[in-house]
Amino acid sequence: MTVNLRSMKKSIYLLIFCTICNNPVTFSQNLFTGTGKMGHTFPGATLPFGMVQLSPDTDTIPYEVNGKYNPEVYRYCAGYQYEDKTIVGFSHTHFSGTGHSDLGDILIMPTMGELQLNPGRADMPETGYRSRFSHDKESASPGYYSVILEDHNIKAELTASMRTGVHRYTFNESGVAHFILDMIHGIYNYPGKNIWTLLRVENDSTITGFRQTSGWARTRVQYFAIRFSKPFVSYGYKNYEPTQVYKGFWRKFAMDRNFPEIAGREIRAYFDFNLSKGEQIVVKVALSPTGTDKAIENLDEVAGKGFDEIRSDAARCWDSELGRVKATFINEEDSINFFTAMYHSMLSPTIYDNLDGSYKGLDQNTHSGSPGTNYTTFSLWDTFRALHPWFNIINPSLSLDILKSMHSHYKQSVHKMLPVWSHHGNENWCMTGYHSVSVVSDALLKGVAGPLKGNLFADSLLEACISTANCRYYDGLDLYIKYGYVPDDLSSNSVSKTLEYAYDDWCIYKLAKAMGREEIAQQFAKRSESWKTLYDKESGFMRPKSSEGKFVEDFDPLDTHQRGFIEGNSWNYSLFVPHDPESLCTISGGKKRFALYLDSLFTMYLPDKYFEKTEDITRDGIMGNYVHGNEPSHHVPYLFNYCGEPWKTQRYVRQILAEKYHPGFDGLSGNDDCGQMSAWYIFSSLGFYPISPGSERYELGSPLVKSAVITIPGGKEFVVNVRNQSKENIYVKRVLLNQTELRRSYITHREIISGGSLEFIMSSKPNKTLYK
């Protein structure tokens, strides 16, 4: 593999030339895409769905200031902000693209000179152990990251296996070096978040330990084992927690230096080395969800391997995963966007088990391994829309392991619910809906777990879906079941909840019907129509309604701050009926009126006052009043297909692809949200999109690729060919499926996974008789 790095405007472009199965393939990515502004991605080293995300953190912004939420912390959901000038250190756990955060565990920072245990200030880095850095001396490729720490004249390099982060530091000066191990550091940190830290110095090159935190994940323990390639000559620590009266009988020891057991709530440790100029130290840090013994065993992933071999292994792993799709484009920028999106789509969910398959469950007990891999990091409010449907096409074995992991979550849940938003053996309950049922239904209906008849696993998953949808004390569900909608005076985000519950219920209906459970199917079919109760014919919008059955008076469909909605306004949320767009079109006044509504959404202007206090929405992600920078509207451009105007779907999809994504640090128009923004780009670039997971349909749009080959497991290929592709030819003149003209605006999952070809003939003018 050879790497060529070059600068272009604000972006860093990375061209990776690799060979897969002896076929030369070119992948082009910019791993710094989304590391600035709202993207919340990280540039560090990880493997596809890896448990370790080893990446630089560029500041120590606290979650609270003077007892109040600090909005500045939102920029640091991934720990890294491109516009920062200093690096605090390298921690081993990160989310990709989220709008809330946690993690940032086990921060390591090498230094030279005077020992400093405080990270210092960004504007005065010399006051602490942090270091200045320059993007000119920073690079990233899949599985590898490198930067020069200027204040200490140290080259830092990072790579990873599935469960182990591997550092290599080259010291360009001789003398005493200090490795800072900051166990206080964390993302979204605040006083009291760190419950306890324990470090054990097992020998002169190995440290084990854990840190327990209570943050977004309320009860989270991260175990680890650290192994240096060279013995340290001395070590010590400082405990920054307030002085406690009770110290037990540990007071008989001088514990702050060269004492092999370190414990406390706010610990920073250091390890000293005598080094010559040019000397390198490799640090291997293995993680475990269950204990330090398993962390040591997880080091076996990289046993006997040097840094360069581990880096090569990581590159080959990424080559294999990214090679699931081969695509060509008319310009380099589109190619970079596409393969960067492919990369970001493989950062979540994440593995959460040991080499032997054991893991910590939701019940906080250790569970032995079962067939498959245990996964966590389920940002389901986001990823049910396109990311999980994408996995069902290119990697159904991953989808099956995800289903097994969700099923285990359900069995371990005292609430008997599937995950809502879960990570690291915890349910954090973030966002609305119970969209795990969408993921389960879509995967099962698409055959991920095999035929449904007589399938005990599928039977149990259906019961899990039903149980989840009937947990009456969950987020207004009792009200939804009682009233047929969520009353606004009794529960917040009432419209968003009602619409999302209705869609999720439709998913259960589809699955139950396919499995011959007619009574259940009819029950949830009725619930899936609950969205109709909140449609206000007078205003033409979905509108909050009281428990007395009256629509609220104080209502502005443009306002994202008003009651009834979460991270969106009524203009956008009124279109969230993905399971029944035909009825939505009818209730809105028919096809022409519905198309007019959609056109207005994309062409009107949304003043700043309507979203300026909504953290997850900025001007960058808005087109007219359509909000692409947040997920609830991602299906909306494809709704023109349902009102007989598919050329408008084609126009707006291509406009979004061109305007809301570009290969730079500010290249994402909103949070990538564990890969959902990227999955939208992947699907839409290929020319089709799943507006309603749980359905076989993928709506056709306007492809960006010149050609693409999607590898279907089992040796098949689905080929997309585009004739007359250009920047101007955004309209589809004809579509051929397997050389036969297509007279409908969608293809099916079965047609994709059976292998075959989809051909688009493009034009600069809309074909208004297409699909008729």
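A crossing of two helices is called left-handed if the near helix is turned anticlockwise from the far one by less than a right angle, and right-handed if clockwise. Keep that in mind for two helix pairs in this structure.

First, the background. This is a predicted model, in which local features need pLDDT of at least 70 and side-chain atom pairs count only at pLDDT 80 or more, while totals for chains, interfaces and linings use all residues. Residues are numbered from 1 along each chain as its sequence is written, and side-chain values use heavy atoms, with hydrogens and water left out.

Helices (DSSP runs of H or I, at least four residues) and strands (runs of E, at least two) are numbered from the N terminus.

The pair I start with is H10, residues 494-514, and H11, residues 518-527. Their axes (lines fitted to C-alpha atoms over the stretch in contact) come within 8 Å and cross at roughly 160°. Angles run from 0 to 180 degrees between N-to-C directions, and those over 145 count as roughly antiparallel; H10 and H11 are therefore roughly antiparallel to each other. Their crossing is left-handed. Contact means heavy atoms within 4.5 Å, and among the residues that meet are Trp-506 and Tyr-509 in H10 and Phe-524 in H11. By class, this contact of H10 with H11 has nine nonpolar, no polar and four charged residues. Here Ala, Val, Leu, Ile, Met, Phe, Trp, Tyr, Cys and Pro count as nonpolar, Asp, Glu, Lys and Arg as charged, and the others, Gly among them, as polar.

Next, H3 (residues 332-344) and H16 (residues 676-686), which pack at about 130° with axes 8 Å apart. The crossing of H3 and H16 is left-handed. Phe-338 and Met-342 are among the H3 residues in the contact, and Tyr-681 and Ile-682 among those of H16. The contact of H3 with H16 divides into six nonpolar, four polar and one charged.

Last, the cavities. A search of the whole structure finds seven of 30 Å³ or more. A cavity is a set of points on a 1 Å grid over the protein atoms alone where a 1.4 Å probe fits but cannot get out, and lining residues have an atom within 4 Å of a point. The largest cavity holds about 160 Å³ of space, a volume being the space filled by probe spheres set on the points. Nineteen residues line the largest cavity, with Tyr-375 and His-409 among the closest to its centre. Helix H6 gives the most to that lining, four residues.

Notes: Parallel < 35°, antiparallel > 145°, perpendicular 65-115°, else oblique. 1 Å grid on protein atoms, 1.4 Å probe; cavity = no way out; pocket = protein on both sides within 12 Å on 5 of 7 lines; lining within 4 Å.
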